[in-house]
Amino acid sequence: MLVRSAIAVRMFDTHEVLIPAHKLVGVPGVHVDETASSVTYYHILFDRHEIVTAEGAPSESLYTGSEALKSIGQDARSEIFEIFPELGDPDHIPTAARPIPTSGKRARHMIHRHVKNDRPLIDHA
């Protein structure tokens, strides 16, 4: 999920960063729907990693890093490699649409600062 804020600037030297959605659980208004009986994931893949809006929230298309591709079933992975053969190259490193913090601890700390200071995850200014 995209976070755009002055806190992101102070912590990561960039106005926008991508944070895994599960790290946002507990932020006011963000929770796990315990009543849902199932979940369907839709992965959107473009020629490059993109910011997309899902349910009114800025999120991201499928990031084609090796770890993300491991989470996709073999049939889907084969189809992706047929369309985008370069993604099957073990040396391929995709370019992220926005910076992705490499430290989960720092990402959690950034979210904690937003909650503690009652700051929105998306500054519209």
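Is G73 buried, exposed or partly exposed? In this predicted model, G73 is partly exposed, because its relative accessible area of 43% falls between the limits of 20% and 50%. G73 sits in the loop that joins α2 to α3 (74-83).

S5 belongs to the loop between β1 (2-4) and α1 (6-12). With a relative accessibility of 2%, S5 counts as buried, because the cut-off for that class is under 20%. A polar atom of the S5 side chain lies 3.1 Å from the backbone nitrogen of A8. Once neighbours within four places in sequence are left aside, S5 is in contact with H15, H114, P120, L121 and D123. S5 and G73 are 68 residues apart in sequence, and their C-alpha atoms are 35 Å apart in space.

**The β3-β4 hairpin and positive phi values**

β3 and β4 form a hairpin with 2 residues between them. The two strands pair in the antiparallel sense over 4 bridges, and A54 has A57 in β4 as its bridge partner. E55 is in the turn of this hairpin and has a positive phi of about 55 degrees. Most residues other than glycine have a negative phi. D13, in the loop between α1 and β2 (16-18), has a positive phi as well, near 60 degrees. D13 is exposed, with a relative accessible area of 70%, and E55 is exposed too, at 85%; both are placed in that class because the cut-off is over 50%.

| Residue | Relative accessible area | Class |
|---|---|---|
| S5 | 2% | buried |
| D13 | 70% | exposed |
| E55 | 85% | exposed |
| G73 | 43% | partly exposed |

**The largest pocket**

The volume of the largest pocket is about 1600 Å³. Its lining consists of 37 residues, of which M1, A21, H22, Y41 and S59 are the closest to the centre. The elements that give two or more residues to this lining are β3 (51-54), β4 (57-60) and α2 (66-70). β4 supplies the largest share, 4 residues. Both strands of the hairpin described above are therefore among the elements that give two or more residues to the pocket lining. By residue class, the lining divides into 23 nonpolar, 10 polar and 4 charged residues.

Key
Residues are numbered from 1 along each chain as its sequence is written. This is a predicted model: local features need pLDDT of at least 70, side-chain atom pairs count only at pLDDT 80 or more; totals for chains, interfaces and linings use all residues. Side-chain values use heavy atoms; hydrogens and water are left out. On a 1 Å grid over the protein atoms alone, a cavity is a set of points where a 1.4 Å probe fits but cannot get out, and a pocket is an open set with protein on both sides within 12 Å along at least five of seven lines; lining residues have an atom within 4 Å of a point. Grid points are joined across faces, edges and corners, and a volume is the space filled by probe spheres set on the points. Ala, Val, Leu, Ile, Met, Phe, Trp, Tyr, Cys and Pro count as nonpolar, Asp, Glu, Lys and Arg as charged, and the others, Gly among them, as polar. Buried means under 20% relative accessible area, exposed over 50%, partly exposed in between (1.4 Å probe, protein chains only). Two strands pair if DSSP finds at least two bridges between them. A polar contact is a pair of N or O atoms within 3.5 Å; within protein, one must be able to donate a hydrogen and the other to accept it, and residues adjacent in sequence count only if both atoms are side-chain atoms. Contact means heavy atoms within 4.5 Å.
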